[in-house]
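Subject: Structure handover

Hello,

Here is the structure I promised to pass on. Please open it alongside this note.

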Amino acid sequence: MSEHTPNSYMNQPDERGHFGQFGGRYVAETLMPLILDLEQEYRKAKADPEFKAQFDDLLEHYVGRPSPLYFAPRLTEELGGAQVWFKRDELNHTGAHKINNCIGQILLAMRMGKTRIIAETGAGQHGVATATVCARFGLPCTVFMGATDVARQQPNVFRMKLLGAQVVPVTSGRGTLKDAMNEALRDWVANVHDTFYIIGTAAGPHPYPELVRDFQSVIGREARTQMLARTGRLPDLLVAAIGGGSNAIGLFHPFLDDPDVKMLGVEAAGHGLDGDEHAASLAGGFPGILHGNKTYLLQDEDGQITEGHSISAGLDYPGIGPEHAWLKESGRVDYTYATDKEALDAFQLLCRTEGIIPALEPSHAIAAIVKVAPTMPRDAIICANLCGRGDKDIFTVAEALGVEM
Amino acid sequence: MSTRFQTTFAKGPALVCFITAGDGDTAANLDALVEGGADVIELGMPFTDPMADGPAIQAANIRALNAGTRTADVLKLAADFRARHPEVPLVLMGYANPMVRRGPEWFAQEAAKAGVDGVISVDLAPEEDQDLGPALRDKGISLIRLATPTTDDKRIPAVLEGSSGFLYYVSVAGITGKQQAAMASIEDNVQRIKTHTDLPVAVGFGVRTPEQAAEIAKVADGVVVGSAFIDLVEKHGAEAPRHLKALVEGLAKAVHSARKATA
């Protein structure tokens with residue numbers, strides 16, 4: 001599968017970081033030299049067996065990989081169609097897939113001699129994962145978090161602080177994830193000499209979308225091997241939730257050149273696509289330029305960025321990784337969406353049928369499975385990424401269900 | 001390239017003044033800047049996510065957007081300015097997304113119709129020139145690029161390629177409106193850049209006082225001031241023109257004094 005033909009879906013991006021018309025490097029000049037350095041250093045690291053050995057060792061002994069591939073018998077029974085399997089990335093250290101990428105990026109940061117780490121976070125999962133690897137390697141860590149999110153996500157704020165990170169509430173703009181990313185970029189511009197920015201999703205200026213995808217592709221590589229070992233064949237359909245899209249691209253990428261494996265990315269439709277209260281950049285947005293890359297964005301006719309909404313703070317971002325924009329346009333991956341209500345129903349369904357409390361992010365993927373599995377034959381196989389556990393979301397879910405805690 | 005830039009910079013060091021379109025009475029504020037002695041106007045196009053700007057200009061962007069400023073309004077402010085001030089070079093400065101939203105050709109066409117001489121797109125790296133550069137050059141509008149302390153000699157030619165009008169040297173690695181760089185660093189970097197190009201080099205970021213402006217004018221072709229004006233617009237609202245004029249007079253005098261010294 002490493003033999004990439006000219007027609008391969010796996011040889012993106014091009015040397016300028018473009019996935020078709022998407023991706024690229026749209027940053028202020030101060031950052032360009034650093035971005036170019038990062039790309040060079042990443043090329044070297046990618047070719048260095050020592051780097052790979054270090055990454056693999058940490059994933060095995062610190063993160064707890066490989067994560068299990070689990071057949072969900074009662075959910076399958078309940079839906080009455082295709083077999084549903086889960087890649088259990090919620091069992092990773094820190095409870096989500098985010099840590100895979102943070103391990104890779106902090107190793108890169110140290111290779112580059114950087115001594116200070118910054119990150120942005122929305123719900124706090126990427127912030128916690130970044131604070132975790134910074135504690136593990138003894139590097140100072142500053143996490144930018146929208147002031148609105150700081151108020152909503154106190155447990156994760158406290159976790160980050162326990163791990164030694166400084167959490168900076170961002171009041172500029174409307175105090176949400178995109179404002180946190182703006183503020184992280186501002187900090188980075190002023191501290192390029194010693195600071196490495198660990199971006200949390202497969203977006204941003206090249207080479208971030210590529211390197212985040214590569215670090216997260218451990219999910220798909222393991223799933224491919226495990227599925228072959230367990231069933232003797234590849235799955236018929238992969239399903240993953242999409243905010244920026246790192247867990248989805250991590251699952252999808254190693255299967256892109258398997259023509260019989262279909263793929264479905266699930267965006268957050270919030271209160272529905274009719275109004276503005278959603279975070280579905282592909283279904284409800286247009287191509288544009290933000291945060292270093294060209295991709296689908298929620299924006300008005302003047303190119304002003306609009307706020308996303310989702311019950312899942314991790315999907316509540318007005319953009320999407322550029323490789324997904326390209327995979328949509330190329331037709332290789334199908335994209336759909338699930339509303340807050342559908343995700344909440346799916347959340348409860350998985351709790352009840354499998355004894356697994358999923359995060360609200362993968363609950364969107366499960367909501368799509370609820371629709372598609374019954375339309376597929378019983379011998380078909382769906383493999384979904386259970387990219388995070390739901391402990392962090394119980395307060396949000398309780399509130400949505402009208403339960404006093 | 002616009003002859004307005006050539007005519008202006010031929011006189012010696014120029015004062016380049018930035019304000020955000022739609023923040024306060026922009027037409028009156030622009031007139032005050034010109035009356036006070038501004039040589040070049042940079043009109044900021046407001047954007048929801050001004051990630052290279054400090055708190056003052058961020059807030060100006062939000063105020064302008066909250067006041068309902070649209071791209072059409074910015075273009076109208078530009079066209080009206082051009083009608084009132086036929087000789088003053090006018091630059092639109094902002095972020096790439098609002099500029100490319102309706103297609104680069106549309107933007108270049110409208111900017112040309114409004115009499116705009118140059119465009120600065122903060123997050124459009126030279127590597128992504130295809131998104132705007134060809135359309136602007138086709139309409140005779142200068143794409144003005146930024147160079148920074150991190151732009152080394154190896155990279156400067158890439159920054160200069162396809163740029164015209166003047167080069168904007170961002171004197172600090174950081175965001176707008178914060179600290180000023182050391183004079184020695186500014187002088188070294190401007191001289192370094194000038195070995196690569198005949199374009200005028202204007203220096204900005206963190207310049208607030210006539211004293212700073214006078215020092216920079218000794219070593220550069222232009223001095224850019226922005227956040228100091230934005231602060232006055234925020235503080236004085238409808239009374240801002242009077243205060244802007246007073247500040248710009250002092251800055252212009254300081255910058256232009258270097259003309260006599262070098263002439």
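Below are the conventions, then what was found.

The model is predicted: local features need pLDDT of at least 70, side-chain atom pairs count only at pLDDT 80 or more, and totals for chains, interfaces and linings use all residues. Residues are numbered from 1 along each chain as its sequence is written, while chains are lettered from A and ligands numbered from 1 in the order in which they are written.

Chain B overall

Chain B has 12 helices and 9 strands. These are DSSP runs, numbered from the N terminus (helices: H or I, at least four residues; strands: E, at least two). Its radius of gyration is 17 Å, close to the 18 Å that the globule rule gives for 263 residues, so chain B is as compact as a globular protein of that length. The radius is taken over C-alpha atoms, and the rule is 2.2 Å times the number of residues to the power 0.38. Along the principal axes, the C-alpha atoms of chain B fill a box of roughly 45 × 40 × 35 Å.

Of the 263 residues of chain B, 59% are buried. Buried means 20 or more other C-beta atoms within 10 Å of the residue's own; exposed means 12 or fewer, and partly exposed is in between, with C-beta atoms placed from the backbone. Take the contacts in chain B between residues at least 6 apart in sequence: 74% join residues at least 24 apart. A contact needs C-beta atoms, placed from the backbone, within 7 Å.

Annotated sites in chain B

UniProt (unreviewed entry) places "active site" at Glu42(B) and Asp53(B). Such annotations may be inferred rather than shown by experiment; positions follow the numbering used here, and feature names are shortened. Glu42(B) lies in strand S2 (residues 40–44) of chain B. Glu42(B) counts as buried, with 25 C-beta neighbours inside 10 Å. Beyond four places in sequence, its contacts include Val16(B), Phe18(B) and Ile120(B). Asp53(B) sits in the loop between S2 and H3 of chain B. Asp53(B) is buried too, with 27 C-beta neighbours inside 10 Å. Leaving aside neighbours within four places in sequence, Asp53(B) contacts Gln58(B), Ile175(B) and Thr176(B).

Chain A

UniProt (unreviewed entry) gives "domain: Tryptophan synthase beta chain-like PALP" at residues 64–388 of chain A. That stretch is 41% helix and 19% strand, with its end C-alpha atoms 14 Å apart.

Lys98(A) is in helix H4 (residues 98–111) of chain A. Lys98(A) is buried, with 29 other C-beta atoms within 10 Å. Not counting residues up to four places away in sequence, Lys98(A) touches Gln125(A), His126(A), Ala129(A) and Gly200(A).

An open sheet of 6 strands in chain A runs S3-S4-S14-S9-S10-S13, with mixed pairing. Strands pair if DSSP finds at least two bridges between them. S3 (69–71) and S13 (334–338) of chain A are at the edges, each with a single partner strand, so one side of each has no neighbour in the sheet. S9 (residues 237–242) and S14 (residues 381–385) of chain A run parallel, joined by 3 bridges. Leu238(A) stands opposite Cys383(A) in S14(A).

Where the chains meet

The contact takes 32 residues from chain B and 25 residues from chain A. On the chain B side, H5(B) gives the largest share, 4 residues.

Best wishes

Key
Contact = placed C-beta atoms within 7 Å.
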